[in-house]
Amino acid sequence: MAELENNEQKKKMCQIYNEISKELFGFGTTLLRVTVDARVITFHAKHRRSPRSSALEGEAPELKQEVDFRMSLLFKKRFRERLEAEMGLAIEVLLRDYDAPTQWAFTNMILAGE
């Protein structure tokens, strides 16, 4: 785990996070922090509101909620794949919670191991 406490490793994880955010949502985060505590890695991210998301919220709130949920699942899948492929991480679980009204997302990972 010592290698993940290295600032370069944290920067790489944040870079991957932002790249996926740009691919899926059109832009990166306004704030992104990563913390490492033993096998647990946490990302705190403040996202920008998408104009499409705002439009859906007013016209079809249930659809917006479903889209947010599906996009979060897709984000988790791609994030995990990239972290495992590019950084060699063995991820036991990756959890993500996104709060649409505030645009905050918290992503937690537990690395495989003891």
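What share of the contacts in the chain between residues at least 6 apart in sequence join residues at least 24 apart? Among such contacts, where a contact means heavy atoms within 4.5 Å, the share that joins residues at least 24 apart is 53%.

The structure is a predicted model, in which local features need pLDDT of at least 70 and side-chain atom pairs count only at pLDDT 80 or more, whereas totals for chains, interfaces and linings use all residues. Residues are numbered from 1 along each chain as its sequence is written, and side-chain values use heavy atoms, with hydrogens and water left out.

## The chain as a whole

The chain has 3 helices and 4 strands, and along the sequence these elements follow the pattern α-β-β-α-α-β-β. Here helices (H or I, at least four residues) and strands (E, at least two) are DSSP runs, numbered from the N terminus. Of the 114 residues in the chain, 34% are buried; buried means under 20% relative accessible area, exposed means over 50%, and partly exposed lies in between, with a 1.4 Å probe and protein chains only. The chain exposes about 6800 Å², of which carbon and sulfur atoms supply 52%, with accessible areas taken from the Shrake-Rupley method with a 1.4 Å probe.

## Salt bridges

A salt bridge is a side-chain nitrogen of Lys or Arg within 4 Å of a carboxyl oxygen of Asp or Glu, and by this rule the count comes to 10 salt bridges. Among them are the following pairs.

| Pair | N to O distance |
|---|---|
| E86 and K12 | 3.4 Å |
| R82 and E23 | 3.7 Å |
| E84 and R80 | 3.3 Å |

The salt bridge between E86 and K12 links distant parts of the chain, since E86 lies in helix α3 (residues 61–87) and K12 in helix α1 (residues 7–25), 74 residues apart. E86 is partly exposed, with a relative accessible area of 40%, and K12 is also partly exposed, at 30%.

R82 and E23 likewise meet in a salt bridge; R82 lies in helix α3 and E23 in helix α1, so this pair ties together parts that are 59 residues apart in sequence. R82 is buried, with a relative accessible area of 18%.

The salt bridge between E84 and R80 lies within helix α3, where the two residues are separated by about one helical turn because they are 4 residues apart. E84 counts as partly exposed at 31% relative accessibility, and R80 counts as partly exposed at 27%. Salt bridges that share partners join K12, E19, E23, R78, R82 and E86 into one network.
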